[in-house]
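Biologist: I'd like to learn how to read a protein model. Could you take me through a few features, one at a time?
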Amino acid sequence: MVKASETSDWQSPEMVKYATGDALGVINRSLYTDHLNGVVSKGEPTTSPKVIKEEPPDNPKTVMVSDCGDDTHWVKYKKDGSPFNDSPGGRRSITAEVKKQADGSWRVTRFAVEGVGSC
């Protein structure tokens, strides 16, 4: 999503390598909204994801991931480079469900990003 947000490429073929289902839908809608509004992102968030649960434990097919991401340096701008009045970034609680796919790859299927200061 970070790479696609540099141009608000809501149709990036790279997205399906990492996300599917609800997660892919949310990401695509977010990028499409930015595209319609002429907004792009610069910089990138800081993340340190950690696996907090594996199901089933002996041969996981679903993994829950938790993070306290920081999007302070991932800022939105208008495509002409002028500032976009966006809410300030900061540290946010992030949880994600990642599932093993039929082809053996792992993809994010759902995620939640809480408000600034949630971690």
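Biologist: At 64% relative accessibility, is Lys3 buried or exposed?

Modeller: Buried means under 20% relative accessible area, exposed means over 50%, and partly exposed is in between (1.4 Å probe, protein chains only). Lys3 has 64%, so Lys3 counts as exposed. Before we go on: this is a predicted model, where local features need pLDDT of at least 70 and side-chain atom pairs count only at pLDDT 80 or more, while totals for chains, interfaces and linings use all residues. Residues are numbered from 1 along each chain as its sequence is written, and side-chain values use heavy atoms, with hydrogens and water left out.

Biologist: Which side chain meets Lys3 in a salt bridge?

Modeller: Side chains of opposite charge can pair when their charged atoms come close. We call it a salt bridge when a side-chain nitrogen of Lys or Arg is within 4 Å of a carboxyl oxygen of Asp or Glu. Here Lys3 pairs with Glu6, at 3.3 Å from N to O. Glu6 is partly exposed, because its relative accessibility is 35%.

Biologist: How many salt bridges does a search of the whole structure find?

Modeller: Seven. One of them joins Arg110 and Glu97, at 2.9 Å from N to O. That pair links distant parts of the chain, 13 residues apart: Arg110 sits in strand 6 and Glu97 in strand 5 (residues 91–100). Helices (H or I, at least four residues) and strands (E, at least two) are DSSP runs, numbered from the N terminus. Arg110 is partly exposed at 44%, whereas Glu97 is buried at 12%.

Biologist: What about disulfides: which cysteines form one?

Modeller: A disulfide is a covalent bond between the sulfur atoms of two cysteines. The cut-off used is a pair of cysteine sulfur atoms within 2.5 Å. This structure holds one: Cys68 and Cys119, with their sulfurs 1.9 Å apart. Cys68 lies in strand 3 (residues 62–70) and Cys119 in the segment after strand 6 (106–113), so the bond ties together parts that are 51 residues apart in sequence.

Biologist: And which residues make up the largest nonpolar core?

Modeller: In soluble globular proteins, nonpolar side chains tend to be buried together. A nonpolar core is a set of buried Ala, Val, Leu, Ile, Met, Phe, Trp, Tyr and Cys residues joined through side-chain atoms within 4.5 Å. The largest one here has seven: Ala4, Met15, Ala19, Ala23, Leu24, Ile27 and Leu31. Helix 2 (residues 21–36) gives the largest share, four residues. Take Ile27: leaving aside neighbours within four places in sequence, Ile27 is in contact (heavy atoms within 4.5 Å) with Met1, Met15, Ala19 and Phe111.
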